[in-house]
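The following briefing concerns the structure displayed below.

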Amino acid sequence: MEVSLKDIGTIITGNTPSKKDKKYWDSKDICFVKPDIIGDDIDSITNSNEYISNFASSKARIVKRNTILITCIGNIGRIGIVSKEKIAFNQQINAIIPNSKINLRYLAYVLLFSRPRLKALANAAVVPIVNKTQLESFKIEIDPELEHQDKIANTLDEIEKIKKIQNKEIEYLDTLIKARFVEMFGDLKFDTPVSKYIESLTAGKSLAGKEKCTNKVLNTGAVSYDKFKNDYKYLPSNYVPDENNKVRTGNVLISRMNTQELVGATAYVWEAPENTYLPDRLWRANLKENVNSIFLWQVLIHPLLKLQIQRVSSGTSGSMKNISKSNFLKLKVPDVNEESQNKFASFVQQVDKSKVAIQKSLDETQILYDSLMQKYFS
């Protein structure tokens, strides 16, 4: 059954009490929610980064528990469910107070599924916006039977719980690696130039064409502090790639030019994609003899290295940052012998096998979740 959102709930647009009146902001009486705390899943809203005082109650838009929040300016369609007694929210968010015709969490899943259509609805001349009138008229397909809605929401909730558990397991394994690093090397000083381990740094070329070819070049986004992703674009058909720039299993790749958060990000290539080459914004670390690449990768993603990189990278605030080869090779790391490097790397490999198994399960869970969303809401 197709309905407009105004038929199944009351919609309220948020606002911001005047910042000039200090008594509105001088105590943490009421959570004041902005889009930055609402993620890409259905988030439970229990806290915020800002608060307003009780004096601001008459000036703010305040809603109670079991209200849906949906971002309608900028990053359109993020969904949160209010899980506190009351919260206030700003003008970038609309609240939907469901009526008796629809299950709260069922509606949240419908809206999450409808996010691409909401984004398309936004008038994106400068900043994407879906206004209250547009949201009220936005049509969704729902099951008219509340009993069916309850079952669907419960099924999706159970799958979401499994996904969260699997993600927590992956986070735990990452923490385990960090703990092992501290256990083995925590007493060592970061006082040795990384050039002790790295012979040189090689960058590739960033050529791409529209025609799909056998050869590919990595996008800069392939390397982050989390992992290596097979993120690429195709090389022009008439371009002959340099085999020295080919990405291979066991490579340590470094982002030499990126945003402030990601400049210097390092990833280890557990399994190289076929016929894929380095772009100009990524380096491959060419290691000296008797250096374990897994050990080096873990050193280069250590928080102390990130702080060093932030200090020596160049570029204006808010723009792309870059780090020179000479500055990178001066970064300070612990001095670790080959035996300890290999021992630590062996531990990381064992943990990674567990991560791969959990990630496979998570991927399968996500496939099931996506298929059910299509089944229920298409």
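**Gln149 and the basis of the model**

Gln149 lies in helix H5, which covers residues 146-185; helices (DSSP H or I, at least four residues) and strands (DSSP E, at least two residues) are numbered from the N terminus. The model is predicted, so that local features require a pLDDT of at least 70 and side-chain atom pairs count only at pLDDT 80 or more, while totals for chains, interfaces and linings use all residues. Residues are numbered from 1 along each chain as its sequence is written, and side-chain values use heavy atoms, with hydrogens and water left out.

- With a relative accessible area of 0%, Gln149 is buried; the classes are buried (under 20% relative accessible area), exposed (over 50%) and partly exposed (in between), computed with a 1.4 Å probe on protein chains only.
- When residues up to four places away in sequence are not counted, Gln149 touches Lys101, Ile102, Asn103, Tyr106, Ile142, Asp143 and Pro144; a contact means heavy atoms within 4.5 Å.

**Overall architecture**

- The protein contains 9 helices and 22 strands.
- Taken along the principal axes, the box filled by the C-alpha atoms is roughly 70 × 50 × 40 Å.
- The protein has 378 residues, of which 44% count as buried.
- Considering contacts between residues at least 6 apart in sequence, 77% join residues at least 24 apart.

**Covered helices and their N-terminal ends**

- At the start of H6, a side-chain oxygen of Asn292 comes to within 3.0 Å of the backbone nitrogen of Ile294. A polar contact is a pair of N or O atoms within 3.5 Å; within protein, one atom must be able to donate a hydrogen and the other to accept it, and residues adjacent in sequence count only if both atoms are side-chain atoms.
- Helix H2 (residues 104-113) is likewise mostly covered, with 8 of its 10 residues buried. The buried set in H2 consists of Leu104, Tyr106, Leu107, Ala108, Tyr109, Val110, Leu111 and Leu112.
- The N-terminal end of H2 is capped by Asn103, a side-chain oxygen of which lies 2.9 Å from the backbone nitrogen of Arg105. Asn103 is also among the residues that Gln149 touches.

- Arg115 is found in helix H3, residues 115-121, and counts as buried at 11% relative accessibility.
- Leaving aside residues up to four places away in sequence, Arg115 touches Asp40, Asn75, Ile76, Gly77 and Arg78.
- Lys119 also lies in H3 and is partly exposed, with a relative accessible area of 44%. Its C-alpha atom is separated by 8.5 Å from that of Ile129, 10 residues apart along the chain.
- Ser137 belongs to helix H4, residues 132-137, and counts as partly exposed at 40% relative accessibility. Between the C-alpha atoms of Ser137 and Asp7, 130 residues apart along the chain, the separation is 8.9 Å.

**Positive phi in loops**

- Most residues other than glycine have a negative phi.
- Asn66 has a phi near 70°, a positive value. Asn66 sits in the loop between strand S6 (62-64) and strand S7 (68-71), and it is partly exposed, with a relative accessible area of 44%.
- Asn275 has a phi near 50°, again a positive value. Asn275 occupies the loop between strand S18 (266-268) and strand S19 (276-277), and it is partly exposed at a relative accessible area of 23%.

**Cysteines**

- A search of the whole structure finds 0 disulfides, a disulfide being a pair of cysteine sulfur atoms within 2.5 Å.
- Cys31 counts as buried at 4% relative accessibility, and Cys72 counts as buried at 3%.
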